[in-house]
Amino acid sequence: MYCVKCGVELGNTEKKCPLCGTPVWNPDSAAEELYPRYRYGRDAKPKTGLMFLFTFILLIPVLLCLLIDLKLNRRIVWSGYVSLSAAVVYIMLVLPFWFRKRNPVIFVPVSFAAACGLLLYICCKSGGKWFLSFAFPVTGALCLIVTAAVALYRYVPKGWIFTTGGLTIALGGLSILIEFFLHITFGFGMFVWSLYPFAVLLLFGLLIIAIGTSPSMRAALRKKMFF
Ligand SMILES: [Zn+2]
C-alpha cells in the first residue's frame, strides 16, 4: 500500500503515514470511515477543570508554608522561596494552558522573566552580589537565544535545519559568555573550559548547516529519519 497523500510505501500494520502523518486509507476494509473523526489542530480547548486542580495543587502547599512561616517567625523567612518557586513552576507549566492559542514566542520569554525574578529574590534575600553581573546576563542571553529559535521554528518552519544549526552555535557561544560572567563575578579563570564546548558545538552547528545547504544530503536524511 501507499500513502494517499505523499505516495510513500507503507507497512501492512501502519495506521498512519510515518512520513507525512496522513491516516492510512485501506480500500480493502469496508468499515473504514471516509473522514477522520477528529479535527487535527494545535489549538485545543483548555481543560478548565484540570487547570483548577493543578492551580490548587500548587496553591495549597504554598499557603500552608506561608502560614507556618508566619506563625513561627512572625515574618516571611523561608516561605518566600517556596512561594516564588511555585509561582515560577506555575507560570512555566500551567499558565500557558489557560489560553486557547498558546504562542511559545510569548510564553518562553515570560518563563525566563519569571525565573529571573526568582533569582533576583534569592540574590537579594541571601545578600549575594551575583545577580546583575551573572544571573541576569546569562538568563537574558539564554532567553534571547531560545526565543529567537522558537520564533524561527514557528514562523519559518522550512528553515528548521538552519535554525537548529544556528541554535547549536549560539549555545556554544553562550558557554564563553557564562565563563566570562563567572570570571567577572566570582574571579574564576577565563578560557579554562568554555572553549571546549564552544568548539564542539560550533563544529556540530556548522555540520548541521552544511547538511541543510546540500539538497541531496537533506533528501537522504529525510528518507532515512522521516524528518
Ligand atoms: Zn504520507
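Predicted model: local features only at pLDDT ≥ 70, side-chain atom pairs only at ≥ 80, totals over all residues.
What covers the buried residues of helix 5? The cover includes helix 4 (131–155) and helix 6.

**Confidence**
- The protein chain has a mean pLDDT of 88, with 91% of its residues at 70 or more.
- Helix 5 is where confidence is highest, at a mean of 96, while helix 7 (residues 215–225) is where it's lowest, at 80.

**Helix 5 itself**
- Helix 5 covers residues 160–186, and its end C-alpha atoms sit 38 Å apart; that agrees with the 39 Å that its 27 residues should span at 1.5 Å a residue.
- Buried residues in helix 5 are Thr 163, Gly 165, Leu 167, Thr 168, Ile 169, Gly 172 and Leu 182.
- Just after helix 5 comes Gly 187, with a positive phi of about 75 degrees.

**Packing against helix 6**
- Helix 6 runs over residues 195–213, and its axis comes within 8 Å of the helix 5 axis, with a crossing angle of roughly 170 degrees.
- Since angles over 145 degrees count as roughly antiparallel, that's what helix 5 is relative to helix 6.
- On the helix 5 side, the contact includes Ile 161, Phe 162, Gly 165, Gly 166, Ile 169, Gly 172 and Gly 173.
- Helix 6 contributes, among them, Pro 197, Phe 198, Leu 201, Phe 204, Gly 205, Ile 208 and Gly 212.
- Sorted by class, this contact has 13 nonpolar and nine polar residues, and no charged ones.

Methods. Residues numbered from 1 in each chain as written. Axes fitted to C-alpha atoms, helices over the stretch in contact; angles between N-to-C directions. Helix = DSSP H or I, 4+ residues; strand = E, 2+ residues; numbered from the N terminus. Parallel < 35°, antiparallel > 145°, perpendicular 65-115°, else oblique. Contact = placed C-beta atoms within 7 Å. Nonpolar A, V, L, I, M, F, W, Y, C, P; charged D, E, K, R; others polar. pLDDT = per-residue confidence, 0-100. Expected span 1.5 Å × (residues − 1). Buried ≥ 20, exposed ≤ 12 C-beta atoms within 10 Å, placed from the backbone.
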